[in-house]
Amino acid sequence: MSNPLRTSPLKRLRFAPVALLAGIFAAVLLSLSLTGTLSGFAASITNSSNTAASGTLIMQEQNANASVTCLSTDGGSVSTNSATCSTINKFGGSTTMTPGNTVNTPITIKNTGTAAANTFTLTPGATCTQTANGTSNGTATDLCAKMNLVITSGSTTVFSGTLASFKGAAAISLPTAPAAGASVPFNFAVTLDSSAGNTYQGLAASVPMTWTFTA
């Protein structure tokens with residue numbers, strides 16, 4: 001008895017080339033789906049160095065002969081970047097002034113960081129404090145109104161008035177915000193008013209101040 005499901009050898013021979021071509025075509029389609037193109041050309045660029053970094057803004061104050069230096073990082077580190085400098089007395093520190101006498105104190109403020117400052121200000125402290133100077137002291141209570149202050153930067157007058165008007169004043173915008181590595185000179189001229197009488201003897205006046213860079 002013959003098997004009706006059996007394929008004859010002739011039919012198998014006819015079917016083999018068709019199957020082979022179908023397999024080759026399927027392989028080509030698969031190759032195209034994986035590569036997307038038959039082209040052998042390619043080009044590429046890899047950027048291996050892509051960085052961004054912050055600069056530093058550090059303030060340095062020096063006296064006239066650069067023998068005393070204060071830095072904003074003296075308070076700890078650049079993370080704090082705020083320090084108190086008690087070794088450079090902007091009013092000269094004289095204890096022997098007489099009426100009409102002027103004491104000049106030149107200083108420089110420098111940006112020792114790597115970033116330029118956008119603003120530069122000087123802010124007077126809130127109070128002018130009068131204290132006794134020595135053991136013989138006058139009875140006047142308004143020495144701050146008898147001490148005149150002129151602050152200049154080059155040919156520019158930054159402030160002119162008494163210590164009484166200087167204290168508590170708004171922040172003073174200074175003429176030059178220094179670039180990295182640049183310095184700005186200042187001079188503080190303090191004069192005991194020529195009208196000061198005996199009651200102003202043996203007294204001292206003090207006003208704190210704060211320099212500030214921003215970037």
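A disulfide is taken here as a pair of cysteine sulfur atoms within 2.5 Å. The model is predicted, so local features require pLDDT of at least 70 and side-chain atom pairs pLDDT 80 or more, while totals for chains, interfaces and linings use all residues. Residues are numbered from 1 along each chain as its sequence is written, and side-chain values use heavy atoms, without hydrogens or water.

Two disulfides were found in a search of the whole structure. In sequence order of the bonded cysteines, the pairing is 1-2, 3-4.

C128 and C144 have sulfur atoms 2.0 Å apart. The torsion about their S-S bond is about -90°, so this disulfide is left-handed. C128 sits in the loop between β4 (119-124) and β5 (129-132), and C144 in the loop between β5 and β6, 16 residues apart. Strands are DSSP runs (E, at least two residues), numbered from the N terminus. C128 is buried at 16% relative accessible area; C144 is buried at 10%. Buried means under 20%, exposed over 50%, and partly exposed in between (1.4 Å probe, protein chains only).

The sulfur atoms of C70 and C85 lie 1.9 Å apart. Their S-S torsion is about 55°, so the disulfide is right-handed. C70 belongs to strand β2 and C85 to the loop between β2 and β3 (102-111), so the bond ties together parts 15 residues apart in sequence. C70 is buried at 10%, whereas C85 is partly exposed at 22%.

Six strands build an open antiparallel sheet, ordered β2-β1-β3-β9-β6-β7. Pairing requires at least two DSSP bridges between strands. Strands β2 (69-71) and β7 (156-162) form the edges. Six bridges join β6 (147-153) to β9 (183-192). V150 stands opposite A189 in β9.

Definitions and conventions
Helix = DSSP H or I, 4+ residues; strand = E, 2+ residues; numbered from the N terminus.
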